[in-house]
Amino acid sequence: MSKKLAVGISGSFCNHSKCLEVLQELQQQGYDISIVVTPNVLQYDTRFGTSKDFLKKLEEITLHPLITTIVEAEWAVNQKQFDQMLIMPCTATTLSKLTHGNYENAVILCAKSLLRNQHPITLAIASNDSLGISGVNIMQLMNTKNIFFVPFGQDDYKNKPNSLVSDFTKVLDSIESAYHKVQLQPVLLGPKGGEHV
């Protein structure tokens, strides 16, 4: 099994530290990872850290330049011949763009190009609105060929009843299952009380 993996990273800045841990695990498992980022990740500093520091950590793990524009994304898909894409974390905005074919940033363009060639896309969702108005996008993508999900559940149903977050410890199993065009089950996890997944 080839392990050329594009990893798209969107907002949900509170989950970026988990993403770094997953990327290190993937790298240790022999995946050749190329990172694609949304404009928000590229430019915004938040209470969770600066964009400069986060982007530097991404490059240190993958040893590849980041893919930040749609031009770079198109070139990378053609040249690197990715086998699959992981979008982690996948926010409500990214879900909406993917669902409705709004290919305005590098992450979504990369996903479109891989789907066009029948490659799997695995989504690790993280959104406070997943059980709200954004829920329809999850349901539509669940019924879309070559789209797979990292199992997810309510991360804090007491304080954020509409919030869903994927279990990032299941990312590796999810993408390996997606290589065989199989959704890892169960996809819906039980709630975690007032605690985070």
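## Exercises on a predicted model

Phe149 and Phe152 are both buried (under 20% relative accessible area; exposed is over 50%, partly exposed in between; 1.4 Å probe, protein chains only). This is a predicted model, in which local features need pLDDT of at least 70, side-chain atom pairs count only at pLDDT 80 or more, and totals for chains, interfaces and linings use all residues. Residues are numbered from 1 along each chain as its sequence is written, and side-chain values use heavy atoms, with hydrogens and water left out.

**Exercise 1.** Find how many aromatic pairs the whole structure holds, and classify the geometry of Phe149 and Phe152.

*Solution.* 
- Apply the rule: rings of Phe, Tyr and Trp (its six-membered ring) pair if their centres lie within 6.5 Å; planes under 30 degrees apart are stacked, over 60 edge-to-face, the rest tilted.
- The search of the whole structure returns 1 aromatic pair.
- The ring centres of Phe149 and Phe152 are 6.0 Å apart and their planes lie at 65 degrees, so the pair is edge-to-face.

**Exercise 2.** Describe how helices α4 and α6 pack.

*Solution.* 
- Locate them: α4 spans residues 70-80 and α6 spans residues 106-116. Helices (H or I, at least four residues) and strands (E, at least two) are DSSP runs, numbered from the N terminus.
- Take the axes: they come within 8 Å and cross at roughly 30 degrees. Axes are lines fitted to C-alpha atoms, for helices over the stretch in contact, with angles from 0 to 180 degrees between N-to-C directions.
- Classify: α4 and α6 are therefore roughly parallel to each other (under 35 degrees; over 145 is roughly antiparallel, 65 to 115 roughly perpendicular, the rest oblique).
- List the residues that meet: Ile70, Ala73, Glu74 and Val77 in α4, against Ala106, Leu109, Cys110, Ser113 and Leu114 in α6 (contact: heavy atoms within 4.5 Å).

**Exercise 3.** Is Ser12 buried or exposed, and what does Ser12 touch beyond four places in sequence?

*Solution.* 
- Ser12 lies in the loop between β1 (4-9) and α1 (16-28).
- Its relative accessible area is 18%, so Ser12 is buried.
- Ser12 contacts Pro89, Thr91 and Ala126.
- Ser12 and Ala92 are 80 residues apart in sequence, yet 9.3 Å apart C-alpha to C-alpha.
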